[in-house]
Amino acid sequence: MRPISALLVIGSALVAPALSASPVAAQSTPTIDKILERGQVTIGHRPSSPPFGYVNDKGEVVGYTVEICRYVVEQLKTALNRPDLRTAYVPADPSNRIPLVQNGTIDLECATTGNTVERQKIVAFSYSTIFPDARFAVRRSSGIASVKDLKGRSVAVLQGTVQQRQLTELDRELKLGIKPVLAKDTAENFLLLETGRVDAALNDPILLSTYIAKSRDAADLTFVPDWSGQPENDAIMMAKGDDRFRSLVNAAIKKMMDSGEFTKNYEKWLMAPPYNLPMNEALKKQMANPTDDPTTL
Amino acid sequence: MASSWQVLLAALPQLAEGLVFSVTLAAVSAIAGMLVGIPIALARISGARALSAVAWAYVTLFRCVPLLLVIFWFYLLMPLLAQRVIGARFPVPIGPVYSAFFTFMIFEAAYYSEIIRAGIQSVARGQYEAGRALCLSSVDLYRYVVLPQAIRRMLPILLTQTVILFQDTSLVYVLTLPDFVGVAARLGQREGQLPFFYILIAVVFFAISFALSRAVRQLELRGAAAAY
C-alpha cells in the first residue's frame, strides 16, 4: 500500500466517527443547508486530467466533467431559488478526493471517479456521466497485435483500480503469465510504456489517447484491437446522507441529457482531436435511460 | 507535438506563481515558526516544571511524526474539529492554503525552538556569572551578554533548517496545491512530459538551495571570525 493510501485509510477512519457524531447527522438535507448558508457550491476538480478536467494555461478550470458540474450548479440555482450562488473550485486527486467530500470541503467531485459498491458505503454518486472501457496501449513495433500476444509480457496498470482487477482476471482466464507493473497515475502509466519499461499499458483509452497524441512516438503507438474491458461507471461524487441534493443533481443531469446540452458537451471534448471517439453503447443507453448503478465486476 | 520548451514558455506565468507560493510558504513559516519557537524554547529552559513539560511534549510530538502525515491530517480533520470547537452546524472549511501555512508554522516551531534552546544553553555558565557579578538585571543579562552570543551560534543552523524547510514545502502536493512542484508536475502530467518537468524541478530546487547554503556558509565563516 502506498503511503498516501495508508494515510487516506487512517484519515477516513478518523473522519467517519467525527462525522456521524456531528449535529449535521440529524439534518435531512445537510449539503443543501450548507450550500444555502455559505451561498456557495464547491466543485472538486482534477488539475491535470484532460479531457475530463484540467487547468489550462490561463489558469481556468475546464474539462468534460467540470462542464457537466457547471450545468448542474446553474440548475441548482433555479431549483433552490438562489441565483446568487457562487461556484468555488478546490483541486483534488485520487488520494484525497474521498476525505474532502466526507469532511464537507467539496460538494460536487467532478472527475472520473468510479461508482463502486464499496465506495457507496461512505459517499454518494450521481447518474453516471461516462463509461470508459479499459484498453491496452502498445507499440506497433513490438509485434503485439492481439491480446494473446501479451503472453509473458509486462503490462503497466494503475494501482487499486478496476483495471487492475480486470487484468488479473484476464491473465487467469487466458493463462498469459502477464507481469504486472504498478503505476500511480496515468502519466506514469504511459511513461512506463513510452520509455520501454513495459510492453503494454492498460488504462482508460481516452486518457491514454491524450498522452499518445503528445508523444514523440505517436505514430508507433496504438491500441490492441481485439480486447476492451468492462466499462467503468464514472459519476459525480457527493457526500452521503442528502438524498434531496442527490436527486436535484440527477434531475439536472437528466435535463442536460434531454436538452441535447450533454451531447454537445461530449462532442466538444471527445469528438475533437485527438480523441474523435463516438459515444460507446453504455453512454448511449445512459442518455436514453439514466441510472446511478455501480460498476459491475 | 509541442516541444517541452514551448510548453514551458506558455506555462511560465503559472510556474512563476508556483515558485512564489513555495518561497512565500517557506519564508512565512520560517519567520512564524521562529516567533512561536522562542517562547517554547524559553518555556523549556524555564525553571517552571509544568511549563517545561508542556513545551517538551509539544516538541517531542512534532519531531516524532512525519510532516506529510501532519499536513494531510490537519487538512482533512481541521474542518471537523473546528466545527466541534465553535459549535457550528457545518464543518468549517479551511482552505488548503491556510491549512498549509498553519501546519508548517506549528511543525517548524518545534524544530526552531530546539535550535534556539541549544543556542541559549551553549553560552558558558561563566558568562552568566560574570554578568551577575556586574549587577546586570536578568533582562540586561540576556540582552547584552547571552543572546548576542547565542544568536551568533544558532543563526547558521536556523538558516540551514530554513533551507530544509524550503525543500519540505514540496510535501504540500498531498493537498493538490499549486506550489512549484505541484504546478510543474501537473504540467508534466497534462502534457505527457514528466521527465522534462521533474528535471526542471530538480534544477530549480538545487539552484535555490545551493545558493542559500553558500550564503549560510559565508555567515558561518564570518561568525567564526567574529568569535575570536
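Trainee: Leaving aside its neighbours within four places in sequence, with which residues is Glu109(A) in contact?

Mentor: This is a predicted model, in which local features need pLDDT of at least 70 and side-chain atom pairs count only at pLDDT 80 or more, while totals for chains, interfaces and linings use all residues. Residues are numbered from 1 along each chain as its sequence is written, and chains are lettered from A and ligands numbered from 1 in the order in which they are written. Two residues are in contact if their C-beta atoms, placed from the backbone, lie within 7 Å. With neighbours within four places in sequence left aside, the contacts of Glu109(A) are Gly44(A), Ala92(A), Arg97(A), Val101(A), Ile236(A) and Met237(A).

Trainee: Does Glu109(A) count as buried or exposed?

Mentor: Glu109(A) has its place in strand β6 (residues 108-114) of chain A; strands (E, at least two residues) and helices (H or I, at least four) are DSSP runs, numbered from the N terminus. A residue is buried if 20 or more other C-beta atoms lie within 10 Å of its own, exposed if 12 or fewer, and partly exposed in between, with C-beta atoms placed from the backbone. Because Glu109(A) has 27 C-beta neighbours inside 10 Å, the residue counts as buried.

Trainee: Why do the buried residues of α9(A) line one face of the helix?

Mentor: In α9 (residues 261-270) of chain A, the buried residues are Phe262(A), Asn265(A), Tyr266(A) and Trp269(A). Viewed down the axis of α9(A), they fall within one arc, taken from the directions from the helix axis to the C-beta atoms. On the other side of α9(A), Lys264(A), Glu267(A) and Lys268(A) are exposed. The buried residues line one face because their arc is within 100°.

Trainee: Which elements are included in what covers the buried residues of α9(A)?

Mentor: One of them is α8 (243-258) of chain A, where Phe245(A), Leu248(A) and Met256(A) are among the buried residues. The buried residues of α8(A) pack in turn against elements including α9 and β13 (234-239) of chain A. The cover of α9(A) includes α3 (64-79), α8 and α10 (281-288) of chain A.

Trainee: Which strands stand at the edges of the five-stranded open sheet of chain A?

Mentor: The strand order is β10-β9-β11-β8-β12 (chain A), with mixed pairing; two strands pair if DSSP finds at least two bridges between them. Each edge strand has a single partner, so one side of each is left without a neighbour in the sheet. These edge strands are β10 (179-183) and β12 (221-223) of chain A.

Trainee: In β10(A), what is the bridge partner of Ala156(A)?

Mentor: Strand β9 (residues 154-158) of chain A runs parallel to β10(A), and five bridges join them. In β10(A), the residue bridged to Ala156(A) is Val181(A).

Trainee: Which element gives the most to the side of chain B that touches chain A?

Mentor: The contact takes 25 residues from chain B and 37 residues from chain A. On the side of chain B, two or more residues come from each of α1 (4-45), α3 (67-86) and α7 (180-191) of chain B. With eight residues, the element that gives the most is α3(B).
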